[in-house]
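The report covers confidence, overall fold, ligand surroundings and a few local details.

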Amino acid sequence: MAALSKDHLVAVIGSGAMGAGIAQVAAVAGYTVKLYDTRPEAVAKAISDIALVFNKLVAKERMSAVAAAAAIARLRAAVTLDDVAGAGLVVEAIVENLDAKRGLFAQLEAIVGDDCILATNTSSISVTAIAAKLRKPERLVGMHFFNPVPLMALVEVISGLATDAAVAQAVCDTAAAWGKNPVHAKSTPGFIVNRVARPFYAEGWRLLSEQAADAATIDAVMREAGGFRMGPFELMDLIGHDVNFAVTQSVFHAYFNDPRFTPSVLQQEMVNAGYLGRKSGRGFYSYGDGSTALPQPQTEPARPVPEFVSYTVEQGAKAGAPRVAGSSVADALAERLRAAGITVTHRQSPEARGHAAGADGAPAFHCNGAAVYLTDGRSATERARDNQHPDTVLFDLSLDYASATRIAVTCADQCSPAAYQSVVGLFQAAGFAVTRLDDVPGMAVMRTVAMLANEAADAVNQGVCSAEAADIAMQKGVNYPRGPLAWADAIGIGQIVTVLTNLAASYGEERYRVSPLLRRKHASGAVFHA
Ligand code: NAI
């Protein structure tokens with residue numbers, strides 16, 4: 001089955017925010033669309049709102065007046081449900097309730113032809129369950145758009161147990177014809193995005209509850225070092241804490257209380273207080289008239305620039321080829337230091353000198369007696385003890401060490417202030433704003449990215465989606481700067497396994513268990529994207 005041709009009618013049932021967006025996208029792509037809602041005024045509002053959007057696009061010269069007029073002419077109101085009888089595809093976007101959706105599709109089966117595809121935009125209900133009572137359950141498929149529909153490229157095409165693969169493919173091709181980026185997934189709680197994204201919020205809550213830093217500081221680190229468009233707290237303020245908390249609880253319960261998805265009591269308190277985010281005028285930040293200045297992230301004061309730094313060259317590491325993993329990340333950092341006029345000397349790793357490495361390999365940098373490492377999931381304090389080197393300072397993962405504007409550091413409880421401050425001066429000299437996190441295992445970006453990769457790997461391992469689909473979904477559905485599995489490849493799957501293993505050891509919690517697929521890839525030396 002190929003994409004639905006344009007001579008087929010598309011029906012959209014439910015004309016709220018999502019239904020209107022879906023209708024707009026289909027009409028712009030050249031399809032005739034009928035909109036239905038139990039509240040006729042919702043249909044009228046949807047069509048007039050879409051016309052307003054088109055007018056703005058025409059004014060900004062992003063759409064021609066002719067195209068806008070043609071697209072509006074393709075949008076029709078269905079007065080009764082019977083009016084969608086000739087549809088080739090029906091997309092349901094009504095209230096998120098299983099009985100309501102089942103009732104609607106049962107009615108539709110009596111109205112539309114046998115070859116009409118039935119699609120649901122549900123974000124949290126099992127597609128298998130919605131289809132279960134139908135005469136032809138094989139023609140029902142999930143078509144999960146993201147809000148706002150015209151702007152978000154991702155569509156998750158969800159197959160329930162009974163869904164015909166050809167129907168799923170036709171919906172996928174149709175979404176592509178509408179200019180979207182579709183991915184296939186199996187009907188499982190949270191599908192891809194709402195499942196794989198959980199650790200982005202959950203690790204933020206953990207960091208906050210363990211007093212690693214305040215919300216504004218964690219947000220700044222995730223944005224300016226991690227490369228995420230928004231930090232977890234500003235994003236949850238935008239989504240609404242009530243909505244985010246409800247999704248987290250729904251995924252947690254749907255996976256039979258898997259501890260990986262445990263909701264945060266801190267977020268429950270936000271909801272209890274009515275601090276719902278932007279919509280209530282207050283969340284982690286203040287919004288609206290009475291809002292005060294945005295809280296500033298913690299940033300270390302200027303420290304003297306160390307005159308001399310040495311860094312470790314690993315055996316086999318290509319000179320000048322910065323990698324994220326292990327000590328060779330120092331290549332990228334060393335470039336920044338040299339550009340700032342600091343003398344940076346190479347120092348061969350123990351292996352390169354023909355000696356066995358210590359328990360911990362070589363630090364990335366030595367600076368005034370401090371050993372400076374990329375976090376491996378242990379706290380700096382544990383690592384200082386393990387290496388018997390009190391002056392241990394860790395830095396966090398960065399999306400790109402060559403261009404990041406901020407870096408997070410932490411130091412062992414045993415570390416001397418002078419050694420710590422010289423490392424701060426080092427990173428400041430390289431042009432970073434330096435944020436100090438309290439000494440939590442795995443820091444902020446590293447533990448979040450490791451957990452995102454872990455969740456994505458589990459989804460792939462369980463046949464929910466392919467590695468490509470997982471990465472596309474997270475980039476196009478929630479704007480991540482890199483797919484979590486491509487990120488794991490870049491960091492090194494071994495490093496991710498180490499971080500998670502160390503987190504599991506530190507916390508003693510099932511939550512940080514390593515996905516069998518990560519272990520398997522690590523054992524064979526394979527990557528997710530060759
Ligand atoms: P909404 O509340 O803005 O709109 C729902 C519309 O459906 C209302 O206009 C209502 O009158 C109408 N409706 C309710 N029952 C109906 C029925 N039996 N027949 C016809 N019309 C009916 O909701 P929204 O946000 O547009 O969401 C709709 C669906 O899309 C839900 O299933 C939701 O889970 C899903 N979804 C929502 C997303 C979001 O961010 N809002 C994202 C992805 C999916």
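The notes below go from the whole chain to single residues.

**Model and confidence**

This is a predicted model: local features need pLDDT of at least 70, side-chain atom pairs count only at pLDDT 80 or more, and totals for chains, interfaces and linings use all residues. Residues are numbered from 1 along each chain as its sequence is written, and side-chain values use heavy atoms, with hydrogens and water left out.

pLDDT is the predictor's confidence in each residue, from 0 to 100. The protein chain averages 92, and 93% of its residues score at least 70. Residues 314-328 stay under 50 in pLDDT, and the model gives them 29 contacts beyond four places in sequence. Contact means heavy atoms within 4.5 Å. Residues 351-358 are also below 50, with 8 contacts beyond near neighbours in sequence.

**Overall fold**

The protein chain holds 20 helices and 15 strands. These are DSSP runs numbered from the N terminus: helices are H or I with at least four residues, strands are E with at least two. The radius of gyration of the chain is 26 Å, close to the 24 Å from the globule rule for 530 residues, so the chain is as compact as a globular protein of that length. This radius is taken over C-alpha atoms, and the rule is 2.2 Å times the number of residues to the power 0.38. Along the principal axes, the C-alpha atoms fill a box of roughly 80 × 55 × 45 Å.

**Around the ligand**

The ligand is surrounded by 20 residues; Met-18, Asp-37, Glu-96, Lys-101 and Asn-121 are the closest.

The table lists polar contacts, meaning pairs of N or O atoms within 3.5 Å.

| Residue | Protein atom | Ligand atom | Distance |
|---|---|---|---|
| Met-18 | polar backbone atom | oxygen | 2.9 Å |
| Thr-38 | backbone N or O | nitrogen | 3.4 Å |
| Glu-96 | polar side-chain atom | oxygen | 2.5 Å |

Taken alone, the ligand exposes 830 Å², and the protein buries 73% of that. Areas come from the Shrake-Rupley method with a 1.4 Å probe.

**Local details**

Ser-159 is in strand 7 (residues 154-159). Leaving aside neighbours within four places in sequence, Ser-159 contacts Ala-168, Ala-185, Lys-186 and Ser-187. Its C-alpha is 7.0 Å from that of Val-127, 32 residues away in sequence.

Most residues other than glycine have a negative phi, and most peptide bonds are trans. The peptide bond from Asn-147 to Pro-148 is cis, with omega near -5°. Pro-148 lies in the loop between strand 6 and strand 7. Asn-368 has a positive phi, near 50°. Asn-368 sits in the loop between strand 11 (365-367) and strand 12 (370-374).

Definitions and conventions:
Near = heavy atom within 4 Å. Polar contact = N/O pair within 3.5 Å; in protein donor to acceptor, adjacent residues only side chain to side chain.
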